[in-house]
Amino acid sequence: MITRLRFENYRSHGATEFPLQPITLFIGSTASGKSNVFKGLSFIQNSVRRQIHNYFGLGRGEFRQVRSQWAGESDPIGFEVELNGFKDQPDVSATYRLRLADSSEGLYVLEESLSRRHGDSPPESVFLREAMTPRPMGEFGEVGPYDPTLLYQARQCQDESNPCSPSKSFAKQVASQLVSLGYYHLFISKMNSLDQDPFPNLIGKHGENLPRFLLSAKKEDPQRYNQILSSMQELLPELESIEVDGEIPGSPGIAMKFRGHEGSIAAPDLSDGTLLSLGLLCIALVPSPPSLLCIEEPEAGIHPGRLRSLFEEFITLAYPDEGVEPTQVLFSTHSPWLIDFFDEMPESVLLVEQKNGRSKVKRLVDVRRDSLHETLFNGPIGHLWATGVYEGL
């Protein structure tokens, strides 16, 4: 689990640092910098799973476009992540730091380090990379500034055919956590049609692969399909079945049959809230969920009562039964209803504001503690946020 995150010169975040909980909610006005947190986590993921020259996909922006607008031309962007929850090492935590810069020859690693800590003992270095010329890095071989990150290299290490050294083995565990990220912002326009996708077990960032996922579950994992259907029936008691047809040309992909309604209702005729509820349920019930889920604005178009039931699915992911690997969940929202679900865990709420183009992140509990106007904070936190009580604090 990621316990703390720090950005340096990344998009709207100049020097932003904040803690994360098993489930965390980001609230703030439009364009405050909430989405940039999720994009930053995606950037870190790319640094672990891709060669350095492939960090940016075609048309997704250059390095200078993700560097803060007030940063200098030679200033790096940087990330620092603290993690724990390693298998068979419950008392171990790690700190990973990565700083990147660009030159006429392309993007390069200015600094990369990994340290680990056993309980309250002082941290010990796993590796430190900061040379501008190639140099030996022990079991990692000779490494230059334009080479991939060491976490990328550790991730390629195979335990059976190519046993990892102790340092590489730990680095691989860190890499596995950082690369296991699901980032979702569901769009109705993307969820209506049946797209061809080579990864049927993935929903797609915008829900574009939802029909293919359901079709795969119906054919190959009927238990999971029935679980999704059962959960949807709890939300919609009149629902009889969810139908997916991937063979008829021009098929809308998803349709639903309701008691008392003749025939089935195709996806384009279903309510936005119904499709979004289905998409969120599938994210929560996907096989082998990632270590970290980032979900933007899950409340859009969903009735508050139904939103509460969906929220409970994600609570179960973050705090599972004993023996089940937890999934850390991050939400961003504008919904006072969703914010109110955090009344009993205000330590999990982060306020994001932007002033003069720079984002800052504060814990709700710190805002309440530091304010001189304690009487302002009487009432549900969602209502207080909607009325602007927390703005400018």
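Leaving aside neighbours within four places in sequence, which residues is phenylalanine 314 in contact with? They are Ile23, Leu280, Ile283, Ala284, Leu293, Ile295, Val329 and Phe331, where contact means heavy atoms within 4.5 Å. This is a predicted model, in which local features need pLDDT of at least 70 and side-chain atom pairs count only at pLDDT 80 or more, while totals for chains, interfaces and linings use all residues. Residues are numbered from 1 along each chain as its sequence is written, and side-chain values use heavy atoms, with hydrogens and water left out.

**Nonpolar cores**
- A nonpolar core is a set of buried Ala, Val, Leu, Ile, Met, Phe, Trp, Tyr and Cys residues joined through side-chain atoms within 4.5 Å; buried means under 20% relative accessible area (1.4 Å probe, protein chains only).
- The largest one has 64 residues, and Phe314 is among those with the most contacts inside it, along with Leu214, Ile242, Leu278 and Phe342.
- Helix H8 (residues 272-284) gives the most to this core, with 8 residues; a helix here is a DSSP run (H or I, at least four residues), numbered from the N terminus.
- A second, separate core of 52 residues includes Leu20, Leu41, Phe79 and Tyr96.

**Cysteines**
- The count of disulfides (pairs of cysteine sulfur atoms within 2.5 Å) is 0.
- Cysteine 282 is in no disulfide, as its nearest cysteine sulfur, in cysteine 294, is 19 Å away.
- Cysteine 282 is buried, at 0% relative accessibility, and cysteine 294 is buried with a relative accessible area of 0%.

Key
Buried < 20%, exposed > 50% of the residue type's maximum accessible area, 1.4 Å probe, protein only. Helix = DSSP H or I, 4+ residues; strand = E, 2+ residues; numbered from the N terminus.
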